[in-house]
Amino acid sequence: MSSTDDTTTAATPPAGNRLWGRWPVVLWLWLLWTVLWGSVSPVVLVCGAVVALAVVLLFPLPPIGHRASVHPLGLAVMAGHMLVDLVRSALVVAREAVLHGPRTRAAVVEVQLEADTDLLITATSHLVTLTPGTLVLEIDRGRRRLYIHALPVRDASQAPVRRAETLGNERRVVRALGTAGARERLLARDERTKGAGR
């Protein structure tokens with residue numbers, strides 16, 4: 001009887017251990033909360049931390065295993081770029097709304113990703129969707145493709161620019177959360193791209 005109880009106890013880790021193993025998720029939810037509120041006031045930061053902790057404790061996700069590897073420097077670079085992109089893109093969208101209004105032209109852009117895990121693809125799509133003017137319409141998981149509604153896109157020559165922006169987001173996600181294998185594949189793709197451009 002006691003051995004069964006011990007097994008049950010061992011299979012359910014205490015809340016502290018769950019939190020320690022999920023700190024990247026807590027950090028990501030806290031960052032997402034702050035970005036969505038658009039403020040870094042103490043109230044927003046504290047409430048975001050409380051909500052992130054509550055979500056992780058009340059709705060535990062299955063373990064990711066060894067398919068993710070957190071790199072603090074890459075995570076900081078990704079967060080910094082996201083904040084810069086938010087400001088820059090918001091200004092572009094505001095300019096289009098004022099100058100062109102409903103005549104603003106948009107397009108659906110197909111982007112081929114190199115990332116091959118649900119975590120990396122999902123994180124990339126979230127970064128794209130958080131940026132004003134872009135929205136992920138569909139994720140083709142089997143072929144690792146995103147279909148993105150982007151504006152402004154005045155003609156076909158601007159589609160590669162929006163595609164490159166998405167690939168830049170993917171690159172930062174892989175450098176922040178990708179395994180060594182994912183980073184090597186990304187490097188190989190960059191080398192192929194450089195070779196094709198010569």
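Does Asp85 count as buried or exposed, and what is its relative accessibility? Asp85 counts as buried, because its relative accessibility is 13% and the cut-off for buried is under 20%. The model is a predicted one, and a search of the whole structure finds eleven salt bridges.

**Confidence**
- The protein chain has a mean pLDDT of 82, and 83% of its residues reach 70 or more.
- Confidence is lowest in helix 1 (residues 2-11), where the mean is 43, and highest in strand 3 (residues 145-150), where it is 94.
- The pLDDT is below 50 over residues 1-13, and this stretch has one contact in the model beyond near neighbours in sequence.

- Asp85 and Arg88 form a salt bridge through their side chains, with an N to O distance of 3.3 Å.
- Both residues belong to helix 5 (residues 72-99), where they are three residues apart, about one turn of the helix.
- Whereas Asp85 is buried, Arg88 is partly exposed, with a relative accessible area of 40%.
- A network of salt bridges links Asp85, Arg88 and Arg172.

**Salt bridges between distant parts of the chain**
- Arg141 and Asp118 are joined by a salt bridge in which the closest N and O atoms are 2.5 Å apart.
- This pair links distant parts of the chain, 23 residues apart: Arg141 lies in the loop between strand 2 (134-140) and strand 3, and Asp118 lies in helix 6 (residues 118-130).
- Arg141 counts as partly exposed at 34% relative accessibility, and Asp118 counts as partly exposed at 49%.
- Another salt bridge brings together the side chains of Glu170 and Arg189, at 2.6 Å from N to O.
- Here too the pair links distant parts of the chain, with Glu170 in helix 7 (residues 159-177) and Arg189 in helix 8 (residues 180-197), 19 residues apart.
- Glu170 is buried, with a relative accessible area of 0%, and Arg189 counts as buried at 9% relative accessibility.

**A nonpolar surface patch**
- Val51, Val55, Leu58 and Phe59 make up a nonpolar patch on the surface, and together they have about 370 Å² of accessible area.
- Val51, one of the patch residues, is found in helix 4 (residues 42-58).
- The relative accessible area of Val51 is 31%, so this residue is partly exposed.

Notes. Residues numbered from 1 in each chain as written. Predicted model: local features only at pLDDT ≥ 70, side-chain atom pairs only at ≥ 80, totals over all residues. Heavy atoms only, no water. Patch = residues over 30% accessible without salt bridge, like charges linked within 9 Å, V, L, I, M, F, W, Y side chains within 5 Å. Areas by Shrake-Rupley, 256 points an atom, 1.4 Å probe, with all protein chains shown as cover. Salt bridge = Lys/Arg side-chain N within 4 Å of Asp/Glu carboxyl O. Helix = DSSP H or I, 4+ residues; strand = E, 2+ residues; numbered from the N terminus. Buried < 20%, exposed > 50% of the residue type's maximum accessible area, 1.4 Å probe, protein only. pLDDT = per-residue confidence, 0-100. Contact = heavy atoms within 4.5 Å.
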